[in-house]
Amino acid sequence: MVTRTPAPGETWSAPFTNTPIHATVALPGSKSLTNRHLVLAALSESPSRLTGVLVSRDTDLMIQALTALGAAFQRVNDDPTVLDVTPIRLAETTGEITVDSGLAGTVMRFIPGVAAGTQATVLVDGDEQSYARPMGPVIDGLIQAGAHISANGQDPITTLPLTVHGKGPVPGGAVGIDSGGSSQFVSALLLVGATFGRGLDLRHTGEHTPSPEHIAMTVNVLEAAGVRIEHPEPNRWMVHPGPITATDTAVEPDLSNAGPYLAAAVVTGGSVTVPYWPQETTQIGDRWRDILPAFGATVTFEPVAGTNYGDLTVTGTRDATGRPIITGGGEIADLAELTPTTAALALLADGPTRLTKIGHLRGHETDRLTALNAEATKLGATIEEGLDYLAFAGGYDLTGATLESYADHRMATFGAIIGLAVEHTVVHDIATTAKTMPDFPSAWTKLAAGQRDIRA
Ligand SMILES: O=C(O)C1=C[C@@H](OP(=O)(O)O)[C@@H](O)[C@H](O)C1
Ligand SMILES: C=C(OP(=O)(O)O)C(=O)O
């Protein structure tokens with residue numbers, strides 16, 4: 001099947017089907033793991049090889065940023081998913097450098113700490129929309145640790161663009177920040193803590209830390225790279241100073257991006273299998289195993305003996321007439337980046353769903369609570385938007401509409417899921433999925449057309 005990739009900004013008629021989808025979908029590498037491994041490989045004492053690297057806008061931006069700071073990435077056999085990484089020599093990185101973060105939270109939050117240890121002046125900028133994303137606590141934390149950062153007179157610094165004045169190893173020590181706005185503030189500091197002279201004793205001073213899975217992921221990859229890190233009490237992490245020794249690593253498939261494909265099984269009453277699903281993982285996307293049954297789906301897992309992976313299969317339910325049955329999801333908390341996909345299911349469900357503890361999503365690629373409310377209204381649904389929750393009554397009679405993406409890959413895939421079940425749904429700027437899944441429009445079109453083997 002020939003499918004044309006829509007250009008940025010183009011509208012895209014989301015494919016609709018009333019035939020149950022049955023497919024196996026092979027997913028590319030995890031964005032969150034790829035960008036953590038890239039940073040640690042670049043800060044490592046010795047070279048390493050990464051396989052299963054995600055090729056997307058966010059990961060390209062990370063590679064470009066680390067290259068600008070002195071790392072080198074060599075494709076093996078011309079394969080962009082296999083990279084040999086030559087680390088940065090921080091003391092030899094000098095001059096004036098500009099880093100483009102695009103709209104990537106991982107780049108804008110993780111790079112300033114790396115830049116602080118160089119001898120260069122590093123301007124960290126991004127898309128205009130990135131200026132709305134919170135940066136304050138991570139910059140404050142780096143300054144507390146002794147880094148030198150300025151931002152055109154902003155005091156305190158709260159947003160991009162900003163300039164890091166690298167002056168060699170950051171002294172480090174005790175740091176306290178409120179990471180309620182994003183788990184990436186904690187992750188960013190932990191990732192570079194071992195390069196600080198005294199290491200890092202980090203406390204989160206606020207109440208709620210969003211996305212605890214992503215912090216666990218950071219701790220996990222640091223430990224795999226030989227960094228000693230302690231978590232003596234909730235909201236406190238101690239990183240010992242010392243070398244980072246990244247090893248050759250295979251990146252797990254992106255379980256968050258599995259979401260829309262698995263949701264396709266639920267909304268059509270079909271079944272979708274994702275191979276290479278890790279048996280043990282820190283990815284938040286592993287929560288689909290619990291979330292999708294709440295909407296009435298069945299989830300099975302077939303481990304592949306002797307490996308850390310297996311086949312995860314999600315099967316939707318249909319009534320006697322063949323109509324897909326989606327039950328209300330009930331109350332689900334702390335979904336972070338899984339929220340837009342889950343919201344699509346909640347809009348298509350017969351019963352109520354309440355998504356709570358998602359207030360910090362107002363600082364994601366767009367204000368996702370406002371965006372989901374606006375797009376639900378266009379489809380004919382009335383939902384309740386609280387400061388940090390969304391409530392869906394369910395049983396809506398949705399009508400097709402032109403949905404906005406807001407430069408947000410997950411709002412674009414939200415539109416695609418709705419379109420599978422609601423005829424005449426159009427998604428504006430589906431190409432924004434390139435942030436983490438450049439092949440999404442063509443893979444989704446093939447899926448909807450009944451192709452059984454999909455490479456996403
Ligand atoms: O560290 C990471 O890789 C991420 C952390 C989370 O950020 P928040 O804690 O801001 O939700 C998540 O939503 C984002 O997609 C990726
Ligand atoms: C919040 C997200 O991304 P970022 O890494 O840019 O924060 C996301 O992918 O849903």
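## Ligand shell and packing of the predicted model

Helix α5 contributes the most to the shell around ligand 1, with three residues. Helices here are DSSP runs of H or I with at least four residues, and strands are runs of E with at least two, both numbered from the N terminus. The model is predicted, so to speak of local features requires pLDDT of at least 70 and side-chain atom pairs count only at pLDDT 80 or more, while totals for chains, interfaces and linings use all residues. Residues are numbered from 1 along each chain as its sequence is written, and chains are lettered from A and ligands numbered from 1 in the order in which they are written.

**The ligand site**

Ligand 1 is surrounded by 13 residues, the closest being Ser32, Ser182, Ser183, Ser211 and Glu337; a residue is near a molecule if its C-beta atom, placed from the backbone, lies within 6 Å of it. Two or more residues of this shell come from each of α3 (105–116) and α5 (183–193). By class, the shell holds two nonpolar, ten polar and one charged residue. Ala, Val, Leu, Ile, Met, Phe, Trp, Tyr, Cys and Pro count as nonpolar, Asp, Glu, Lys and Arg as charged, and the others, Gly among them, as polar. Domain 1 (11–29 + 253–455) and domain 2 (31–250) each supply at least three residues to the shell; the bounds come from an automatic or database domain assignment.

**The α5–α6 pair**

α5 packs with helix α6 (residues 212–224) at an angle of about 10°, their axes 9 Å apart. Axes are lines fitted to C-alpha atoms, for helices over the stretch in contact, and angles run from 0 to 180 degrees between N-to-C directions. The two helices, α5 and α6, are therefore roughly parallel (an angle under 35 degrees). Ser183, Val186, Ser187, Leu190 and Leu191 of α5 meet Pro212, His214, Ile215, Thr218, Val219 and Leu222 of α6, contact being C-beta atoms, placed from the backbone, within 7 Å. Seven of these contact residues are nonpolar, four are polar and none is charged.

**The four-stranded sheet**

An open sheet of mixed pairing has the strand order β20-β21-β23-β22, where pairing requires at least two DSSP bridges between strands. From one strand to the next the twist averages 10°. β21 (residues 353–356) and β23 (residues 389–392) are antiparallel over four bridges; arginine 354 has alanine 391 of β23 as its bridge partner.

| Helix | Strands touched | Angle |
|---|---|---|
| α9 (residues 339–348) | β20, β21 and β23 | about 160° with β21 |

Conventions: Contact = placed C-beta atoms within 7 Å. Parallel < 35°, antiparallel > 145°, perpendicular 65-115°, else oblique.
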